[in-house]
Amino acid sequence: MTLPIAGQTDAGKAAEATVSDVVIRFAGDSGDGMQLTGTQFTNTSALIGNDLSTLPDFPAEIRAPAGTLPGVSAFQVRIADHDIHTPGDAPDVLVAMNPAALKANLRDLRDNGVIIVNTDEFTPRNLKRAGYESNPLEDDSLNAFRLYQVALTTMTRRALEESELDVRSKDRCKNFLALGMIYWLFSRPLEPTIDWLRVKFRRRPEIAEANVKVMKAGWNFCDITDAFQVRYDVEPAKLEPGTYRSIHGNSALAIGLVAASRRSGLPLFLGAYPITPASDVLHELATYKHFGVTTYQAEDEIAAVCSAIGASFGGALGVSCSSGPGIALKAEGINLAVMVELPLVICDIQRGGPSTGLPTKTEQADLLQVMFGRNNESPVPVIAASSPADCFDTALEAVRLATTYMTPVVLLSDGYIANGAEPWRIPEVEDLPDLRVDFHQEADGFMPYMRNQETLARPWAIPGTPGLEHRIGGLEKEDVTGNVNYEPENHDHMVRLRAEKVARIANEIPEIEIEGPQSGKLLVLGWGSTLGAITGAVNQAWADGLTVSRAHLKHLNPFPRNLGDVLDRFERVLVPEMNLGQLALLLRARYLKDIETYSKVEGKPFTRDEILHRIQQMAGA
Amino acid sequence: MPVTEATPLTRKDFQSDQEVRWCPGCGDYAILSAVQQVFPELGIPREKFVIVSGIGCSSRFPYYMNTYGFHSIHGRAPAVATGIKMTRPDLDVWVVTGDGDALSIGGNHLIHTLRRNVNVKILLFNNRVYGLTKGQYSPTSELGKRTKSTPDGSVDFPFNPLNIAIGAGATFVARSVDVFMPHLKAVLKRAAAHKGSAFVEVMQNCNIYNDKAFAALTDKTGRQQNGLYLEHGKPLVFGDNQDKGLRFTGTDFEVIELGNGRTADDCLVWDEKHTNPSLAFQMASISTGDGLGDFPVPLGVLRAIDAPTYDAGVIDQIDELTTARPQTLDQLIHGTDTWTVDAGGNVHRGAN
């Protein structure tokens, strides 16, 4: 929404305005601490009770050359007093710590939006580095915006005149000056960040106190000067009663895996190799050893998945986590798990590609890889998380499928929801699914490939169990006995049996639900992280009087059993995807139904308006 | 049937019902027999053994052992075994691999497993050829070797498996020969008793694609003339009548003839526990292993040192932290910063 520009009230005191929704983007050099600044603003707003959604956007380089466009790191956060689904299409406020940050982000800013710049960085040298021919603060190029020029570095140094810190350390505090200003501008308390600083730097209190001082200086600067004419507030959102926390997708995934471990009684083993944007799952699980979690940073992606398979053979909950390039390396391992029919969860936090691609940017283009990127007939259940908090539930579902059906399961997430945050209504532990597993114990009549007639799962018989000694492996197995078998009829039978086992999952997963009219002209069907943008767009389309329905897939293999019927009920089906139409390809092949793809592969998520415009075109507005 | 101490295990208990499908005359039969003889003597219940293999002739091994077994994928057995051992320290985990499996496609997993000192036993059957793919040269094939993939002779320098293991920091490194049954069994027992990664190279004859590769060592005269049987604390003496020895000049090993005033006292006394791996590396380097050079082939234990194992380190941390940081799942899910929305829509910091 556009922030109102109320006139100044008497005695130079800023007017106060309540807004329902605001989008703020913090942008600076990779080393300017923008992710941290944005995260602090997010967490404070969460504690106030706003609904929120975040979109971090940072370069693959740890420290690209200072002051350059490739080095710009940004963090967008949207806070609202109502239920929101996306981090916002266009920022209302841009904090630009240098000319490059201004240049890289200005085009997204809403007309009449607020820009706060650090004038100290607008030197001829930095302007040149950012590719500016003239100083935008002095020419008329920013006339469409509300520009606030602040000497952040100078003010930071002044605030820390008495500090013993060296100049470099003092200058590193300048992001907290900007944060203090934004806290004032949006009427947020400083205490949560002060608490956080004092815990974070408990061993270096001088750093904590310098940042506290600078943040307060930023707040006071706004409070006592008339820099801003209006001060805003965003009221708490009317969320469903309950206890909430703000959570990132990767964190929800890690906690979800621990919850699944507890609910199943299986110790969690994560085999992983560092890769963006999946590494945070490894980092977080490495801090949960007290939950019996074993994390193994393997020598490569292959060892990561193979160690997880070994752990599953031994009766643990084997998990491996990676991104597209790593999943490619794991293909042979996943296929081994298909053949030996052991539970295994593979998390693919998708990023831009192919090859190394865009490591820190988001994409949904691994769907066909995880479906088909293995030799021969290799059926693997695939499910996708649709939001940061949904990663928690999706982790539990992946574990449930893996242990119930004795199969590897792929869980798809992506950089957008992995690094993005939203409020999560914390569930009651006793409401979580019961995932208890019984290992096979009975030696009489035991055969390693005998099957549960309902699920077609083979027994999980773990080493150490007397009388159940048996051998498994990648060679084709005879059904029931598990002996190596090359007979033509047996192979044909086993190929079909493995496919049938996965297909039967459709018998018990929920049917897909349609929001809006249950049949009609247009269905917008999504999967994964497009949920927020699609929901926002369809809600707006309804508000605009358009007739459109939407549905969202969590289970991508197998599809919900009613999906074909649902598709048939609509004249047109629109599938927005951050790829060139991968789900559409699967749907067309499976249901012989024409699907209209809306592709976007820019390394960033759909905006609400992009999808809304497409709906308007198709639904005839 | 549960195995109890009252019913001691025998070789037969470790024979599976599967028909052994190696070529008649293959050295793998002898190694299988040795393992089936040694396992019952280790005092470990049968259900606690897990044998993990990769791909290749040697990697069919688990099918023939009546233990838990996992025939995995090419080169990855050490990774699978690591996952098993880290989560199931109660199991006795053995890896069976070959020269192609361990040193070519799986080289990375081998060196990192040894570097970490994961408590698994690795038996590398070295026949210096790819057998299952029908006769290509391997990373241990000698220079000039003519095979289907090197019809004009290999120009590819080979690895010495022992040096790979020693270089990777293995805490136990040994070598034996498929047909030296008593020696092989003794080496296997030593490996079994070692706490940490135990690496055993077993010279193995492939009578189809690389027959008699080790004949100069394994034939009647070679055993004594060309084998150097290392024993900790004993001088390095070898030869038909124990008439030769090895001394260390300070930079190199040197063969000396014993007699004429030279005795075993002039030879280096073997120290498998030397913390510096340099001497073991140099010992491994004296021969290419086939018994054809000027030096004998070192057999037995080259290195056996005590060091903490990776799996124990991991498990110790988990155990310590489980005690030190008791936390419920509910606490974990809540995290540190929560807010509560009450029925009236009011928001306050913290949980209910």
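Modeller: Let's start with a term: two residues are in contact if their C-beta atoms, placed from the backbone, lie within 7 Å. This is a predicted model, where local features need pLDDT of at least 70, side-chain atom pairs count only at pLDDT 80 or more, and totals for chains, interfaces and linings use all residues. Residues are numbered from 1 along each chain as its sequence is written, while chains are lettered from A and ligands numbered from 1 in the order in which they are written.

Biologist: How many residues does the contact take from chain A and from chain B?

Modeller: Both chains give residues to the contact. Chain B puts in 57 residues, and chain A puts in 60 residues.

Biologist: Which element gives the largest share of the side of chain A that touches chain B?

Modeller: Helices (H or I, at least four residues) and strands (E, at least two) are DSSP runs, numbered from the N terminus. Elements giving two or more residues to that side include α1 (34-48), α12 (324-340) and β17 (471-473) of chain A. The largest share, nine residues, comes from α11(A).

Biologist: Which residue is the bridge partner of A:G473 in β2(B)?

Modeller: Two strands pair if DSSP finds at least two bridges between them. β17(A) and β2 (residues 68-71) of chain B pair in the parallel sense over three bridges. In β2(B), the partner of A:G473 is B:H71.

Biologist: And what is the strand order in the open sheet of chain B?

Modeller: Its edge strands, each pairing on one side only, are β10 (237-238) and β12 (253-257) of chain B. Two bridges join β10(B) to β11 (residues 244-248) of chain B, running antiparallel. The order is β10-β11-β12.
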